[in-house]
Amino acid sequence: MPLEAPARIVSELTSRGYNAEREAVTKLAAANDPATALERVLEELPEDALVVRADHVEAVLANGADGGRTDAARSTTEPSSPSQTPPSTTDDPSVSTGTEPTPSGGSTARSPVETGGSNAAGGRAVDPEVRSLEISNDMTGQSTGTGEYEDFVAVFRDRLEKLGSKLKGRVNHRPASAIEDMPGGSEVAMVGLVNDVRSTASGHWLIELEDATGTFPWLVMKDREYVDLVDELLCDEALAMEGTLSDDSGIAFVDSMHFPDVPRTHEPSTADRHVQAALISDVHVGSEEFMADAWNRFADWLHTEEAGHVEYLLLAGDMVEGVGVYPDQDEELDIVDIYEQYEAFSEYLKRVPGDVEIVMIPGNHDAVRLAEPQPGFDEELREIMSAHDARIVSNPSMVTVEGVSVLMYHGVSLDEVIAELPEEKASYDEPHKAMYQLLKKRHVAPQFGGHTRLAPEEKDYLVIDEVPDIFHTGHVHKLGFGKYHDVLAINSGCWQAQTDFQKSVNIDPDAGFAPIVDLDTLDVTVQKFS
Ligand code: D5M
Ligand code: FE
Ligand code: ZN
């Protein structure tokens, strides 16, 4: 079997249970006889090694096991094709067709990657030393909730404290209990959580705000400018209201409404070198609809020179299809055992170059508790997925990559935001707009008691306390991105073709796309693999 192309070297290695550093693959591809070199490397590999590293290959090549790389081989090296990255955009999900994946047929073309030891030409200077990746807000192992009433009280109190502190400097607020004692006609303000929103017989809107002292009703008149914001409100989100008390002090007429929001002065941080991250989600391995071919093309592309700057892969949940997630889901399962699904997922993950740093959070199809925040995978699942040494953290988590903070959240609440808000403010076709609403509310899942389940903890991990530079979600299987007050919001698509359920409700998934973010500019390009 000819073994020249990196993609085939990778599949050969993964089929034998190994993951490989990108440079190891490059070096193997450049050997005189890659097939023999590969066999020799595997023979020499330490028994417990799961990753084939560049130095393993170097040792074998230095031994002259396959004759190493000759000048003749070098002269057949083709120059890399010019980058086909499309012009970047921060608004439309413009889609490039990507480069052709490395051919898997009997091509004799050698690897286009220069392997002289220095990576100047290929931009593949992946030096792990210069990387930086930090995780904060990971609640794995920190869960204290017992599901008791007191826990719910604690989590909402924490939400009000955190989000209230962002609002309190903006209005001259009073507690609910004090407002009812103020004289009629007073100018008043309050910070609280939305308890209820309903329309009155005369077409006005009554919004009940709650704080630690009680509730107070606020009336938005149908002809006031703020009426346009009423249809954005979700129960349990934090708000500040300013207004005028009625004569009997029983209600306040709203003059203005304030959201915790992202300050307009927010300036995102960027990386100080040219480095990229692939932001994906919803792989759904184990589903009959999982698109293995598209995934493999993506993984092969990551081994190409064009993808040489992609040093991070962020996976926002739904690694596998899971079992029993939705009614009748088992009829569309390719792999019925949950552990076997993770084993298969792990094999697909191994195709990703070993020198790409991976961070993953769980989603609603994964085998962790459904209620949010969801802790990262347990030991048994980590063991299954250990080959790649991925960082496995909770949903949500804040991940800072090369100085750029990325809030990763799977996105179950997006269904709710899309269902509750008018089409122009949030829709499946523009999922990033639903994300804007979450940023504005500074909470990834404001509404409790609906579709999104909440596991009460002593603090509210779902509050967006720090403004991220990038907000990354998935779940709705639609690709969309854009900027909100300079925060890049990206909802990645999926790797699962349309399911019967999605067909029945007209969800047309964006499957097989990988949005790639330049961490030095926060520009996005989309690679298509389907
Ligand atoms: O869900 C992907 C998208 O499809 C997300 O918007 C929810 C929706 N979905 C898919 N299946 C169902 C069922 N059976 N009921 C309700 N909504 C559904 P994901 O959970 O990522 O597969
Ligand atoms: Fe999903
Ligand atoms: Zn999901």
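Predicted model: local features only at pLDDT ≥ 70, side-chain atom pairs only at ≥ 80, totals over all residues.
Setting aside neighbours within four places in sequence, the residues in contact with D460 are V155, D158, R159, K162 and H443. Take K162 from that list: K162 and D460 are 298 residues apart along the chain, and yet 8.7 Å is what separates their C-alpha atoms.

The axes of helix 12 and helix 13 come within 9 Å and cross at roughly 100 degrees. That angle makes helix 12 roughly perpendicular to helix 13, because anything from 65 to 115 degrees falls in that class. On the helix 12 side, the touching residues are S413, L414, V417 and I418, and they meet A434, M435, Q437 and L438 of helix 13. What sort of residues make up this contact, nonpolar, polar or charged? Six are nonpolar, two are polar and no charged ones take part.

Seven of its nine residues are buried, so helix 12 is largely enclosed by the rest of the structure. The buried ones are V412, S413, L414, D415, E416, V417 and I418. So what covers the buried residues of helix 12? The cover includes helix 13, strand 15 and strand 17. Helix 2 (residues 22–30) is mostly covered too, with eight of its nine residues buried. Those eight are R22, A24, V25, T26, K27, L28, A29 and A30.

Next come the ring-bearing side chains. The count of aromatic pairs comes to 13. One of them joins W295 and W495, with 5.4 Å from centre to centre and 80 degrees between the planes, which makes the pair edge-to-face. W295 belongs to helix 9 (residues 292–302), while W495 is in the loop between strand 17 (487–491) and helix 14 (500–504), so this pair links distant parts of the chain, 200 residues apart. Are these two tryptophans buried or exposed? W295 and W495 are both buried. Ring pairs also gather W295 and W495 into a cluster with F298, W301 and F529.

The pair of Y436 and Y484 is put together in another way. The ring centres of Y436 and Y484 are 5.4 Å apart and their planes lie at 25 degrees, so this pair is stacked. Y436 is part of helix 13 and Y484 is part of strand 16 (residues 480–484), so the pair ties together parts that are 48 residues apart in sequence. Both Y436 and Y484 are buried.

K440 lies over the face of F259, at 4.4 Å from the ring centre. R131 does likewise with Y312, where the distance to the ring centre is 5.7 Å.

Most residues other than glycine have a negative phi, and most peptide bonds are trans. Where does the model have a cis peptide bond? The bond from E372 to P373 is cis, with omega near 0 degrees. P373 is found in the loop between strand 11 (357–361) and helix 11 (379–384). A cis peptide bond also joins N395 and P396, with omega at about 0 degrees. P396 is in a loop as well, the one between strand 12 (391–392) and strand 13 (397–401).

As for phi, H284 is not a glycine, but its phi is positive, at about 60 degrees. H284 sits in the loop between strand 9 (276–280) and helix 9. H284 counts as buried, because its relative accessibility is 1% and the cut-off is under 20%. E402 isn't a glycine either, and its phi is positive at about 55 degrees. Its place is in the loop between strand 13 and strand 14 (404–408). With a relative accessibility of 9%, E402 counts as buried as well.

Conventions: Residues numbered from 1 in each chain as written. Chains lettered and ligands numbered in written order. Heavy atoms only, no water. Axes fitted to C-alpha atoms, helices over the stretch in contact; angles between N-to-C directions. Helix = DSSP H or I, 4+ residues; strand = E, 2+ residues; numbered from the N terminus. Parallel < 35°, antiparallel > 145°, perpendicular 65-115°, else oblique. Contact = heavy atoms within 4.5 Å. Nonpolar A, V, L, I, M, F, W, Y, C, P; charged D, E, K, R; others polar. Phe/Tyr/Trp six-rings, centres within 6.5 Å; stacked < 30°, edge-to-face > 60°. Buried < 20%, exposed > 50% of the residue type's maximum accessible area, 1.4 Å probe, protein only. Lys NZ or Arg CZ within 6 Å of the ring centre and 35° of its normal.
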